[in-house]
Amino acid sequence: MIRLQDLSFSYGEAGFSLEIPLLEIRRGSSVAVVGPSGSGKTTLVHLIAGILKPRAGSVQVGEVILGQYSERDLLDYRIASMGLIFQEFKLLNYLNVLENILLPYRLNPILELTGETRSGAMDLADKVGLGDKINRHPKNLSQGERQRVALCRALVTSPALLLCDEPTANLDPANRDRILDLLFQYGQEKQASLVMVTHDPEVLGRFDRQVDIRDYLSELKTTAL
Amino acid sequence: MKHVLFLAWQYLKYHRVKTVFLLFAISLTFFIPMALNQLSQKGSEKLRARAVSTPLLLGNKGSATELCLGSLYFREPNIEPIPYSSLEDLRQQGLARAIPLQLEYRVKQQPIVGTTQDYFSFRKLSFEQGRPMAILGECVLGAKAAQALNAEVGSSVISTPAGAFDVAGSFPLKMKVVGILNPNQTPDDTAVFTDVKTTWVISGKAHGHQDIGVGTADSLLLSKSESGVVASPAVLSYTEITPENIGSFHFHGNPENYPITSVIVLPGDKKSELMLRGRYQQDQGLQMVVPEAIVDELVDTVVSVRDLLLLAAISIGLATLLITAMVFLLSIQLRKAEIATMKQIGAAPGAVRGILITEILLVIGIGFLLALMLVWTIDRLGIPLLENYL
């Protein structure tokens with residue numbers, strides 16, 4: 001369960017602000033966060049990830065209240081329990097496919113890089129159709145392939161929560177569907193929650209629930225699935 | 001740590017052109033002052049070593065530096081010679097052993113060192129082949145000289161006339177090689193050693209020619225009297241000293257006035273040294289110098305120049321390091337998105353900073369190692385070149 005309660009966040013005094021009295025997302029459910037550009041969708045995802053800190057209120061992921069964690073514990077928790085996927089893929093150009101997938105293991109000692117992890121990463125690459133391209137660098141991959149690498153990087157730690165910020169925005173419909181299939185398949189297999197920011201009306205039907213960010217900018221609303 | 005090192009290395013490997021440029025710049029920054037220091041230090045040591053092993057030098061009054069450089073390193077002396085009688089006078093004082101040096105002539109590029117057999121024991125020179133010169137017209141070659149002249153024991157080398165049109169100058173004497181020295185990485189390696197009297201033959205002060213005694217054809221004589229004869233230029237002079245003609249070699253004039261360049265003076269003790277220095281201090285025509293002091297002055301000058309060059313090299317090095325730092329800072333600016341991604345994913349505190357610092361340290365470290373390797377190479381190749389020059 002993800003629970004955002006009495007949450008208040010703003011960028012500066014006169015900037016945009018977000019007020020969320022209560023938002024609950026059950027474990028294993030999928031949520032699409034929708035709303036116009038600049039309305040705070042990415043901010044919401046970053047608040048759930050603990051990348052941004054709320055001015056007031058709390059974010060609870062499972063049993064953990066993020067605000068009570070130290071910076072170090074929060075980073076450890078995020079890298080071990082959450083998988084992040086970004087619109088621009090954000091791969092490291094100087095690492096090949098396999099090393100990009102294994103990147104979380106090289107960034108934080110809380111994750112131990114073993115032979116098993118490595119073979120798991122190769123299995124993942126195989127599963128998303130990149131098995132024969134693990135030694136390639138991102139510049140030698142198509143857009144769809146890059147996003148699949150980013151997906152593998154998010155999944156390699158087997159996170160309980162997937163936070164995706166418009167991961168299909170730069171993809172053609174075939175690649176978009178492939179990525180979504182993989183995400184939903186993972187969610188079902190691992191009972192992982194999926195929170196995805198999207199603009200694409202064609203994919204909304206696949207989600208258990210839609211959250212319109214504008215609801216939190218205007219009136220108070222409590223929703224639970 | 002291994003993951004930080006891995007990521008840093010991957011970054012440098014991927015951006016290899018940039019990395020190579022940085023390595024080159026940093027290597028040079030370290031290399032130039034290090035090499036300069038090394039070369040001047042080794043050069044100074046070499047200069048000093050030979051000077052320290054030569055207690056005193058006697059020579060004509062004039063430039064003490066010229067006297068030292070000529071007598072120690074066989075550079076063409078730009079000093080007036082002294083009469084051979086100076087050596088005899090010194091010996092008669094009984095305070096020191098004396099070894100003459102006559103350095104006027106060459107065999108091609110190799111200096112001819114007219115001296116005595118004592119020189120070999122004094123410089124601790126050992127023979128690879130053969131023996132020391134024993135009679136007029138024999139010579140011993142240093143290791144490099146033998147190589148340069150393509151000579152071996154039993155072969156001959158010919159002294160080079162000072163000039164093609166110098167008909168009254170030095171004599172092209174064919175000298176028999178009787179010994180070759182082991183190399184000892186000093187100017188002795190390049191020299192052609194012969195007896196000091198042989199150098200007088202080269203100078204024309206002594207010579208041998210066909211007999212012009214009783215029964216000599218009148219056409220070979222310019223004049224004839226009861227006290228002697230004057231030979232005409234038609235009389236054949238010998239250009240090689242052989243067992244058959246050695247008896248005909250003779251000196252004209254008083255050998256006491258024959259020239260030598262300098263004398264290596266080996267005093268029996270400190271007191272003798274001080275007495276000799278005191279005696280020659282007042283001499284009008286001669287000077288006795290302590291080579292160590294002269295070379296120290298020279299080294300001090302070299303060191304002053306080196307210090308200036310070092311200062312310049314270090315200034316350029318600092319500027320290069322500043323530019324390198326700027327390159328790294330700009331690179332970090334360009335990698336802001338990458339850095340943000342790593343932090344968002346959950347990079348441990350300090351991990352990203354660690355990667356960036358490791359990249360810088362790797363470049364500086366490898367650059368430094370490259371510089372050390374270059375300095376080592378210079379040490380192996382450059383110092384022998386310097387020795388050749390000296």
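**Helix packing, an open sheet and the interchain contact**

In chain B, residues B:A64, B:T65, B:C68 and B:L72 of helix 3 meet B:P291, B:I294, B:V295 and B:L298 of helix 9 of chain B. This contact of helix 3 with helix 9 of chain B is made up of seven nonpolar residues and one polar residue, with no charged residue taking part. The axes of helix 3 (residues 64-73) and helix 9 (residues 291-334) of chain B come within 10 Å and cross at roughly 105°. Because angles of 65 to 115 degrees count as roughly perpendicular, helix 3 of chain B is described as roughly perpendicular to helix 9 of chain B.

The model is predicted, and its confidence scores are ipTM 0.85 and pTM 0.68. For chain B, the mean pLDDT is 84, with 88% of the residues of that chain reaching 70 or more. Where pLDDT is low, the predicted coordinates should not be read in detail.

Chain B also contains an open sheet of four strands, in the order 3-16-1-17, in which the pairing is antiparallel. Its edge strands are strand 3 (96-101) and strand 17 (286-289) of chain B, each of which pairs on one side only. From one strand to the next, the twist averages 25°. Strand 3 of chain B pairs with strand 16 (residues 262-267) of chain B in the antiparallel sense, over six bridges, and B:S262 in strand 16 of chain B is the bridge partner of B:L101. Helix 8 (residues 270-281) of chain B packs on this sheet, where it touches strand 1 (56-60), strand 3, strand 16 and strand 17 of chain B. The direction of helix 8 of chain B makes about 150° with that of strand 17 of chain B.

Turning to the contact between the two chains, 19 residues are taken from chain A and 17 residues from chain B. On the side of chain A that touches chain B, the elements that give two or more residues are helix 2 (71-81) and helix 4 (103-107) of chain A. Helix 2 of chain A gives the most to this side, with five residues. By residue class, the side of chain A that touches chain B divides into eleven nonpolar, two polar and six charged residues, whereas the contact of helix 3 with helix 9 within chain B includes no charged residues.

How values were computed
Residues numbered from 1 in each chain as written. Chains lettered and ligands numbered in written order. Predicted model: local features only at pLDDT ≥ 70, side-chain atom pairs only at ≥ 80, totals over all residues. pLDDT = per-residue confidence, 0-100. Contact = placed C-beta atoms within 7 Å. Nonpolar A, V, L, I, M, F, W, Y, C, P; charged D, E, K, R; others polar. Axes fitted to C-alpha atoms, helices over the stretch in contact; angles between N-to-C directions. Parallel < 35°, antiparallel > 145°, perpendicular 65-115°, else oblique. Pairing = 2+ DSSP bridges.
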